[in-house]
Amino acid sequence: MTGHKRLGMWLFVMSDVLTFATLLIVYMALRLGNPDWPRPFTLSPAILFATGMTIVLLASSLTMVWAVAAMEAGDRRGAVRWLVATMAGGLGFIGLHLTEWRHLLETVSPGTIFGSVFFGITGLHMAHVAAGVIYLGVLAVGVGRGKFAAEDVETGGLYWHFVDVVWMFVFPLIYLMAVKP
Amino acid sequence: MTLFSTDHKVIGKQYIGLALFSVFLGMLLSLVMRFHLVHPDTKVRLFQMLWPEGAPGGQMTPELYLSLMTMHGTIMVFFVLTTAPQSGFGNYFLPLQIGAHDMAFPVLNMLSFWTTALSLGTLLLAFVVEGGAPLSGWTAYPPLSGLGKITGPGQGLGQDLWILSIALFCVASLMGAINIIVTVIELRAPGMGYFDMPLTCWGWFVTALISLFAFAVLLPGGVLLLLDRVAGTSFFIPGGLIVNDQVQGRSGGSPLLFQHLFWFFGHPEVYIAILPGMGVISTVLSVFSGKKVFGYKAMTVAMLAIGGLGFVVWGHHMFISGMSPYSSIAFSVLTMAVGVPSAVKTFNWLATLWGGRLRFTAAMHYALGFVSLFITGGITGLVLGQPGLDIYFHDTYFVVAHFHLIMGVAAVFAIWAALHYWFPKMYGRFLNERLGKIHFFLTFVGVYAVFVPLHFAGFVGNPRRYPDFKEYEFLKSVTGLHMGVTHAAYFLAAVQLIFLFNYFWSKRRGAVAPGNPWGATTREWTDD
């Protein structure tokens, strides 16, 4: 049975790549069609804050790597510890993101075309992070109780890294390209 | 047989049962539409009972006609043509043919069936909610589909449910696709290479690959459309739009963008419907010719080519959308290119028959019928693939005739071939051969009687999706034609009772079948 889940996750990731690509293409098409596209972000605090979010999310990918490594070395307690650390990173990202949303909602309405794209794309990404936190939670509990093999943690890692990689496209396209000139 | 079984055979039968229910429901809707087209002013008590708002006093409103059309298309495309050939027969026979005990993820398999069932339930719910079913067709183009009740009675809750149903269907199809791909890659019997698999397995495999990418694009398209409706966003709604004398107050969106997203899914969807059938037909023709399939490797490459090209031809659905003529030419040339692998398959089928010892079983009849329909419907595809002709034919009955023959009826003939061929394996009994052949001949005549005349209605410029032609002077010439088509449709529908009877009667009383009744060489008959 080895390899099935990993392959299944790769296929899911491939299909989800197209889902996010669709949204980013929608964004680019709409942006090209609207020459007066707003650029609301200032370098400080908006971009600095989003950079902080990015660092938190990337750090959680690093802890995920350690979780997989610990599991492969047979260290279940270490794996659980790093999984929990990864979840903390994910939750931290969501918390920071929601704070940012709350501030942004004061000036940017989701009814505008910029608001539609911004909240639509970052919202879908946030939903992926939230689903990932729950997924890792299930893994952490299972690993702690002696269930799941190294492959299962690796499969979870695949998903988690994918969600991070998506952010590496969202951040420059949505944030950096909307800095006030 | 439990309801939430994870056994691939049970799930396959569940999918086939769901498709069987859907196909008869979809057919009944089409009969009501055909009736209304030729008797637009007749009041029918039954209509009033079924749709009090849509048919006050029994007089069908244009909105009701459009909602029937939307539901007919959606039910047939998603819950019949996408469900039975791929998820139904694929689930049942893929593991058997490659020597696997079950699919790679049995629980996921069960979930994908029940998500499909939930999706169908959500769609049917649209019939009974306030305002009734949506009006915007299976393509759901905005702005019509994006603005809510102001664009029509079914465009409120009905359209929301429609989008929700399609989103659920996308999720179910993605789960199913992942399952089939992993099963093919990981669970082939030891020593069985990719090019040792029967062509049926290639059909399901390539279809799953197409599904994996096509539904991944429809899903966000549908979600964005839903956001436009419920969250007031403006992805697909242009600025300054006035509907029913009301300014809509959105800005910056692009309705064309939705068309691109929809057809990036929508064209591959056509191949999702037909490729599993191509696999089945290859097998049936080969078994009943007593020969191997001619050009096995070319067949697999042709399937991959059709699947790949399917993703780069979506623009041919949008020739009249105002796209640049240069883009039209590119899409046109790529569309013509699909003719090459399609012709390779057709000629290989004919070469498979050549010099064989032909056995004209019922399944063989349907397989030959499939080849005929595939050619007839395919030729008109080449006509519609040319911008110069398509600009004239677009949204006429010529298009209706084209896609019904190749995507609808051809795929359904493949389902009948598969049912007659595999029934002994599924139920231990034969479907009645004589009834099958009678049903085949009557149906074959019926479908051509329905759809060939519709090409001519297209020549006259008869627009589709119109509930009533009597106001248009230039359509007086096709009144008789439509009367004939409607009667042919009644005949065709009546003939299906033979199939229905055969199916349920043979399940219990059919002649008992031996283990390998057709003398086939694939594993589902020889292992056990």
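1. The contact between the two chains takes 23 residues from chain A and 28 residues from chain B. Two residues count as in contact if their C-beta atoms, placed from the backbone, lie within 7 Å. On the side of chain A that touches chain B, the elements giving two or more residues are helix H1 (4–33) and helix H4 (113–144) of chain A. H1(A) supplies the largest share, 16 residues. By class, this side of chain A has eleven nonpolar, eleven polar and one charged residues. Here Ala, Val, Leu, Ile, Met, Phe, Trp, Tyr, Cys and Pro count as nonpolar, Asp, Glu, Lys and Arg as charged, and the others, Gly among them, as polar.

2. This is a predicted model, in which local features need pLDDT of at least 70, side-chain atom pairs count only at pLDDT 80 or more, and totals for chains, interfaces and linings use all residues. Residues are numbered from 1 along each chain as its sequence is written, and chains are lettered from A and ligands numbered from 1 in the order in which they are written. The model scores ipTM 0.93 and pTM 0.95. Chain B averages a pLDDT of 95, and 100% of its residues score at least 70; pLDDT is the predictor's confidence in each residue, from 0 to 100.

3. Chain A has five helices and zero strands, in the order α-α-α-α-α along the sequence. Helices (H or I, at least four residues) and strands (E, at least two) are DSSP runs, numbered from the N terminus. Along the principal axes, the C-alpha atoms of chain A fill a box of roughly 55 × 30 × 20 Å. Of its 181 residues, 35% count as buried. A residue is buried if 20 or more other C-beta atoms lie within 10 Å of its own, exposed if 12 or fewer, and partly exposed in between, with C-beta atoms placed from the backbone.

4. Chain B comes to 16 helices and two strands. Of its 528 residues, 54% count as buried. A compact globule with 528 residues would have a radius of gyration near 24 Å, and the 23 Å of chain B agrees with this. That radius is taken over C-alpha atoms, and the globule rule is 2.2 Å times the number of residues to the power 0.38.

5. The largest nonpolar core has 204 residues, and those with the most contacts inside it are Ile181(B), Val284(B), Ala410(B) and Ala417(B). Such a core is a set of buried Ala, Val, Leu, Ile, Met, Phe, Trp, Tyr and Cys residues joined through C-beta atoms within 7 Å. Helix H7 (residues 199–230) of chain B gives the most to this core, with 22 residues. Leaving aside neighbours within four places in sequence, the contacts of Ala417(B) include Val280(B), Val284(B) and Phe370(B).

6. Helix H14 (residues 433–460) of chain B has 28 residues and should span 40 Å at 1.5 Å a residue; its end C-alpha atoms are 41 Å apart, which agrees. The expected span is 1.5 Å times one less than the number of residues. Among the buried residues of H14(B) are Phe440(B), Val447(B) and Leu454(B). The buried residues of H14(B) pack against helix H11 (362–384), helix H12 (387–393), helix H13 (397–427) and helix H15 (479–509) of chain B. Gly461(B), with a positive phi near 95 degrees, follows H14(B).

7. Leu31(B) lies in helix H1 (residues 8–38) of chain B. Leu31(B) is partly exposed, because 17 other C-beta atoms lie within 10 Å. Not counting residues up to four places away in sequence, Leu31(B) touches Ala489(B), Tyr490(B) and Ala493(B).
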